[in-house]
Each structure stands twice: as structure tokens, then as C-alpha cells.
Amino acid sequence: MRFYLKLAWRNIFRNRRRTFLTGLIIGIGLAAMIFVDAYIVGMKDSMISSATSSFLGQAQIHRQGFLDSQNVGLTISQPERVTEQLHGDPDVRAFTERTLSFGTISAPADIASVVIYGIAPETEKPLSKIDESMIDGSYLSADQNSSALIGQRLAERLGVAVGDRIVLTVSRAGSGELSQTLFRVGGIFNMHINELDSLTVFVTLKSAQSMLGIDGRVHEIAIRFRRSQYAVEQGTQFSQEYSSYGNVAETWQQLVPQLKYVLDMTNISIAVTVILVFAMIVFGIINTMFMALYERTFEFGVLRAVGTRPGRLRNLIVIEAGALAVYAVALGMILGAGIALLSSSTGLDLTGVELAGTTFTSRIYPVLNLRQFTLYPLLVFAFTCAVSLYPAGHASRMSVARALQRAL
Amino acid sequence: MTDRKDIVLTKGVKKDYRRDSVVVHAVQGIDLAIAKGEFTAIVGPSGSGKTTFLNLISGLDSPTEGDVWLNGEHISGMSGNQLSDFRRDNIGFIFQAYNLIPVLNVEENVEYVMMLQGVPAEERHRRVSRILSDVGLEGFNDRFPKAISGGQQQRVAIARAMVTRPALVLADEPTANLDSKTSESLLDMMRQLNRDTGMTFVFSTHDQRVIDKARRVIVLEDGVNVRDEIKE
């Protein structure tokens, strides 16, 4: 075996230029796989982060049926027990309570339908980016019960600025009576998410509870975990633990299913890239192997004549392909890591681009991981060896007498 | 089945092959016996069937009809692996050129067949040293084929063919690409090795120098043995 390894290694460097070019083709393929994968991982992270860190949170708890009916009377059942459990959960970094209701906003110039959130300003900060997105005025504080935050697009539509008066109208829980409350615009935000910037109003939790007639009760608890992957890895367990007392706990995959579909689609893009790269590798190897085979027909004839069994000759050619793969994989890993690292300083600017209901809020940076440098190279190596079985089988079945007649 | 002294025995051996839809009768029923220790030349013009006949008696090709025995074994019905093993253990080959594996050095080229036989490294090294000394290439072990002359390459091929002490050494036009002085010296060397070891040599050639040195000359024309002459 050692002898054949030595023979194979020397053989691949017989025609250095050809070996380099073939290695380069395979290496570029592998580098492309690593690079695309690194960007897709980066894009996934960015999409999840954009979707969950702007406002959604990584998981939410609601009363059963609330999200479907939007019935403001369906507040979270036994909220003290739920919050106590969340306080004691080591996987939970932060959580915040909210009310959620549909209503209208009236200004002297116009009126619009909006979603009104009651938020606890301090506990909201680790869950969302409202405070970081203020472009005018200031973020809420717990005692500013007559202040409201509105999105930039909504402000433009209503023609209002900070300090202007607005009236929020909601339907009260239980009776369904309309309740109108006067607020002043305390701040204008731009979160680069169309839905939030044009349709959403934030007031303090206390104001919202008072308007809705649900003192002390909330509709939603948004949660952030200590690890970003927790919702992906332990989402089911979390849902089971917190879906109690008539409440339902869901992670972002259930709350934004379209995002999950897009992320699943990215796995398909990786698969397509892998297939294309492997097609390149197939043609590269078959071409090189057949060129080498025709050049070395007489030599293979000599090897067979002096007693090399057909299977051994086939193995020798497969080992040669393996040696070529090792060379190419090394080249590909260096290229792939190099390109990804070079582009990691600039990243890809998709800020503001909306995809599957998620708006990218930051640049996408490639993320290198172990799989790209273990699984893909191993796949390339195994695939190269497997593909070489075709020319190797062809060579081993060649008539010895005919091979010896063909000296190029 | 064969006389114990016969290394090669053929009975009614024929070989037809197709070339562009035309059937070529390359060998047309040759009966022949070559005894142990002979130094035989198979001669004839191009296309007379010399190489085809050599391929048939060495198991590199299978006959369309007839039987071949080599060293007492009926090789016509052997499988691919059986033939490979049989050639490895019984036949040494010398071709006209491009004989050696270019990525192996002289020692590795010579020991290759012994590796296939499973001869231990120490024994291989001992035998390689001795045979390289016999063919006048002492100290050439580490050189690669491209670093030595054509004549020296043929000596290495002879060493490789003989190092396993095969029953038969087959040489197809071994002097075709060599100058006359080198050819003469190689032929003398092979003749001497034939005398010293008793190994059987069969050449396919139309080189008059080889014919002159041979003890037996078999003449083929159009795939038929037209003359068989044993010199005194």
C-alpha cells in the first residue's frame, strides 16, 4: 500500500501543469462551496437576528387563541407564575411583558389603523431595538403615561412631529366599548421594518392596560435566550414547558414560519451549489484521468504484462485520484478560507432589503465553521475517489496486448 | 500434457482480429515447441504475426482457436487474475522501448515484480543488487529512467525480466531503438545470462544481429511458421 501511495503521489506530479490546473478546478469548486456556505450561514444568522432582535424576541407566550382572534380579553393566564418560572429559567436571558391591540390613530390631518403595543420601557430594551431606533424625540420611560412613540412613515402620513397631539382609539376588553385617549408624540422611530415603521404605536404598559381595561394583565411575553441557537435546538422543549395554564409558548420558527421556509430554502441553495461543484469535479477528474490514461496506455500495459492484477491497477488509479484530491482539497481550503476572510472585513451590505417579511438591519458577514473544513473536503475527497472508479475500471479492463501496441 | 523439457508448446494456435470490419488472420494455426534453455528468435517481416504470436504464448492475448501450454500449464483457459499471477511468476518481459515506469527509480523498477510476489524487502534488495551488477548497472539504484541512456534503460528492463528467475524471458524487438554497439553488447549479455542461468529466451525481431546470435530461428510469414532452423 505504501508503495502504491508513493507511486500515486509521484504520478500526479508527472505533469505538474495539468495537475495544478485540475487541482485548481477542484480547489476553486471547494473554495466556492466554503465561501457560499459561509455567506449563507452569515445570512441565516443575520435574518434570524434581524427578525428576532428588532422586536419579535426569540420566543413569545400568549393566551391560547389570542393570536388568531386578537380578542383583547384573552390575556395571559396566571402571569405571576409564568414570570416566576421565567425568572428562574437559566436559559432565559431576558423577557418583557406587552399588551397588543388593534386601534386607530387620529391626528388633525389624517386617521390610520394601527397596532398599539403597551410596553414596559426598561424590560423592553434587551428584547427590541426601539430605543436604538429613535430618530426624533426620546424613548419612553415608565412614568410617561401620556407619551406615544410612532414610526417615521406613520408620522409622515399623519403629518405629525414630536410634541403634537394624537388620539388613540381602542375597543375595551369585555364590553367592547370604544375608548379614546389623548397622547402627545414623544418620539419617532425608524426600525427599517415597514410593518413597524408605518403601522405601529408604542405606549407605556400602564397606559395601554388602562385604555383596554385590563389593569395588571398582559397579552404577550417576549423572551430572549442566553444562546441564539437555543430556540432552534430546544424549541420544542421550551414550548412544552411554558404551554401551561391555558397559555401557548412558541419560538420564532412558529411565529414567523415564512422565515423558517426561507432558511430551509437556503439549504436547498447549498445543495444546488454542492451539486454544481461536484459536476465540475466530475468532468475535471474524468478528463484528467482519461488524458493520463491515454498517455500512459503503454505503461499500464507493461504493469499488467509483468503481473499486476486488473484490480490492483484499478486501485492504483483510484489512489492517484485520491492523491490529486488531497492536493486539490488543500488548495481549495486555503482559497476558500482566504476569500472568506478577505471579504469578512467588508461584508455584504443588504441593509434595508426585505426578505420573507424580514428586513436586514446590518451587513452580512461570512461565518466560517468546522463543517466547511471537514465535511466538504471529505465529500470532495470521497467523491473524487468514487468518480475515478470509471476511468480506473476502463484502464483495468483494457486488453494488455492492445495497450502494448499503443506507445504514444 | 507437454514434454517436461518444453517451456512453450502450442497446438493449432490461431488468432483473428477485426480491423475496420475486415477480419485479419494474424496467426493461422501454429504448432510449436520451445525447449528449456533455448535462445530463439522469431523473425519475419512486419505484419507476419511475430508480436501476436509472442502475445499468445505469454498469455497477454488469448487465441481464437488452439491451445497454449507454458511451463507445463495450459494457459488458454485461465482467468484474468490467474494469467496475471502466472505471468508474474513465470515470464519476464522486455519490450522495445518505454519499458520502465518513469516515476520509479532503477531499484524500484527492478523490484516491482518481486513486490507483487510478496518477496521480503531484504531479499528484494539483495537480488536487485546482484542483478544490477550482472547487467553492469551497479550503483544506478537511485537513478530515474530519464536520467539514464536508452541502452542502460534496456539493461534495467533485462534486470527486471530476470530478477525473479522466470521460466521464460520474452523480448519484443529489444534492440529496435538502440544503436548497433549498444545492441551488440546487450545481446552478448543476454546470451551470457542464457548460458549461465539456463533461462529460456524468445525474441521477436527482424534485427539481423539478433538472428545471428540466436541458436534457433523460427520464420513466420502471414501468420504461418514457414521455417524452423536450429543452428549447430
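Let's start where two chains meet: helix α1 (residues 2–12) of chain A packs against helix α3 (residues 106–117) of chain B at an angle of about 140°, with their axes 12 Å apart. That makes α1(A) oblique to α3(B). (Under 35 degrees counts as roughly parallel, over 145 as roughly antiparallel, 65 to 115 as roughly perpendicular, and the rest as oblique.) The axes here are lines fitted to C-alpha atoms, for helices over the stretch in contact, and angles run from 0 to 180 degrees between N-to-C directions. Helices (H or I, at least four residues) and strands (E, at least two) are DSSP runs, numbered from the N terminus.

Before going on, a word on the model: it is predicted, so to speak of local features takes a pLDDT of at least 70, side-chain atom pairs count only at pLDDT 80 or more, and totals for chains, interfaces and linings use all residues. Residues are numbered from 1 along each chain as its sequence is written, chains are lettered from A and ligands numbered from 1 in the order in which they are written, and side-chain values use heavy atoms, with hydrogens and water left out.

Back to the helices. The crossing of α1(A) and α3(B) is left-handed (the near helix is turned anticlockwise from the far one by less than a right angle; clockwise would be right-handed). On the α1(A) side, Phe3(A), Tyr4(A), Lys6(A) and Arg10(A) meet Glu108(B), Tyr112(B), Met115(B) and Leu116(B) of α3(B), where contact means heavy atoms within 4.5 Å. By class, this contact of α1(A) with α3(B) has five nonpolar, no polar and three charged residues. (Ala, Val, Leu, Ile, Met, Phe, Trp, Tyr, Cys and Pro count as nonpolar, Asp, Glu, Lys and Arg as charged, and the others, Gly among them, as polar.)

Chain A has a helix pair of its own. The axes of α2 (residues 16–56) of chain A and α13(A) come within 7 Å and cross at roughly 40°, which makes α2(A) oblique to α13(A). This crossing is right-handed, and the contact of α2(A) with α13(A) has 18 nonpolar, seven polar and no charged residues.

On a 1 Å grid over the protein atoms alone, a cavity is a set of points where a 1.4 Å probe fits but cannot get out, while a pocket is an open set with protein on both sides within 12 Å along at least five of seven lines; lining residues have an atom within 4 Å of a point. Grid points are joined across faces, edges and corners, and a volume is the space filled by probe spheres set on the points.

The largest pocket is lined by 39 residues, and Ala401(A), Gln405(A), Thr51(B), Thr52(B) and Asn55(B) lie nearest its centre. α1(B) gives the most to this lining, with six residues. As for cavities, the structure holds four of 30 Å³ or more. Val306(A) is one of the residues lining the largest cavity, alongside others including Arg88(B) and Phe93(B), and β6(B) brings the largest share, three residues. For the second largest cavity, the largest share, three residues, comes from α11(A).

| Space | Volume | Lining by class |
|---|---|---|
| Largest pocket | about 900 Å³ | 17 nonpolar, 13 polar, nine charged |
| Largest cavity | about 50 Å³ | five nonpolar, two polar, two charged |
| Second largest cavity | about 40 Å³ | five nonpolar, no polar, two charged |
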